[in-house]
Amino acid sequence: VAAHQHPTPTSGLPVPGYYNLYDRAQRLDQLLRVPEMKWSLKDSQALQLDGRTAYGPRLLKPLLLELSTVVISESERALLRQLAEWDGSHGTTSIAPTLFHQFLYELARAAMQDELGEVRFRHLLRTRALDHALPRLANDAESPWWDNRGTPTVEKRRDILQQAWRATIDHLSATLGKTPASWAWSKAHTLTHNHPLGQQKPLNLLFNIGPFEAPGGREVPNNLSHAVGPAPWAVTYGPSTRRQIDFADASQAQGINPIGQSGVLLDPHHHDQAEAYVAGRYQTMYLRASDLSAHTRSTVPMQADIAYGDASAETLDLFFPSDSQTPHPVHIFIHGGYWRALDKSDASFVAPAFVQAGARVVVPNYSLCPAVTIEAIAMQMVAALAWTFRNAALHGGDPKRIVVAGHSAGGHLAA
């Protein structure tokens, strides 16, 4: 399992590099190793959307006993118990991840800012070095980092924990609300898709998408990640897309984009997936030609089953732009199928791109072998072309601009 963590080579030789925490890879490996799991699309989605990491519990473990000696009020001891029992899950209704990430920041600030200075400490917050350093610091009660250089006394770990806890409670109370009930992860952790033009207010109201209450978190499988810092936290990066493909039946693949399929601001598909993405929903990806064609026939203006001859198979489908401007070029597309299979409805998926460009699209049917000969099919296509030439103007087409194309056997017939 690879999640940008430090690899452990079989040679034993170190592999230098700038790596993420190993906890995310461990969580993925843990989920993938469940022996009784019969992997389905639903199980795979649950893996992608998992919000748990061992990093928080790992960092807190050596600190909890000492923390319990500095937390005095019963209400705050109840909060500390939530942290002590926390399994690292970032559920949207949970308070524990909010407490942890604020405490993480306050702990780093209280321990390190006096040595580094404000500017260098801010730079440290943007590095992976801090992620790796904090668990080591938490495990070393005698580290010189616990001492605050700005005071004449020598602080111990307990002093810094007390300072960090107090700052955590004060900040969350001032920022999210005086009662811990308002500190749920969904209120503290949000996702906004920021547009470059949205940096200039009030253009943010037009160009930015969000904010959305966001699950997931920093270095969990559902890696809607934020920077180390004070609450509230804005997601700074995450999955650029989610895909689930069962190779036993790829036509049932599922997927979702962060905002939508279109990059055009006013297009209806510009951000119609944004809410589903953050909620962990998926959409069917139409990978079967018949699914694409069925979708095309329900969304693109068309006339179906227009007769171009007397035989039952001698019909065609006509797709056209929704505007009434004329004349338009005409594109005839002949379906394939080894002259003995498929139907014009299986080729409807070719229409949208041409219709969007302003063309009329004609998709003819024909009789199939062995009931008829290939020569007979070729003559049917001549009849379909003749019908199109005679009737193009009646349907907004230009009889002087007709292009014939096809796929496989349809390409042979077009030639």
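Leaving out neighbours within four places in sequence, Leu 99 is in contact (heavy atoms within 4.5 Å) with Leu 79, Leu 83, Trp 165, Thr 168, Ile 169, Leu 172 and Trp 183. The model is a predicted one, in which local features need pLDDT of at least 70 and side-chain atom pairs count only at pLDDT 80 or more, while totals for chains, interfaces and linings use all residues. Residues are numbered from 1 along each chain as its sequence is written, and side-chain values use heavy atoms, with hydrogens and water left out.

**Nonpolar cores**

A nonpolar core is a set of buried Ala, Val, Leu, Ile, Met, Phe, Trp, Tyr and Cys residues joined through side-chain atoms within 4.5 Å; buried means under 20% relative accessible area, exposed over 50%, and partly exposed in between (1.4 Å probe, protein chains only). The largest such core holds 46 residues, and Leu 99, Phe 103, Leu 107, Leu 134 and Trp 165 have the most contacts inside it. Among the helices that give two or more residues to this core are H5 (74-85), H6 (96-116), H8 (128-138) and H9 (157-175). H6 gives the most, with 11 residues. Another core lies apart from this one and has 18 residues, including Ile 306, Ile 334, Val 362 and Ala 392. Helices (H or I, at least four residues) and strands (E, at least two) are DSSP runs, numbered from the N terminus.

**Pockets**

On a 1 Å grid over the protein atoms alone, a pocket is an open set of points where a 1.4 Å probe fits, with protein on both sides within 12 Å along at least five of seven lines; lining residues have an atom within 4 Å of a point. Grid points are joined across faces, edges and corners, and a volume is the space filled by probe spheres set on the points. Ala, Val, Leu, Ile, Met, Phe, Trp, Tyr, Cys and Pro count as nonpolar, Asp, Glu, Lys and Arg as charged, and the others, Gly among them, as polar.

| Largest | About 580 Å³ | six nonpolar, 10 polar, two charged residues |

Of the 18 residues lining the largest pocket, Gln 261, Thr 284, Tyr 286, Leu 292 and His 295 are the closest to its centre. Strand S6 (254-256), strand S7 (283-284) and helix H13 (289-299) each supply at least two lining residues, and H13 has the largest share, four residues. The lining of the second largest pocket includes Asp 267, His 269, Val 300 and Gln 356.

**Ala 378**

Ala 378 is found in helix H15 (residues 374-391) and is partly exposed, with a relative accessible area of 29%.
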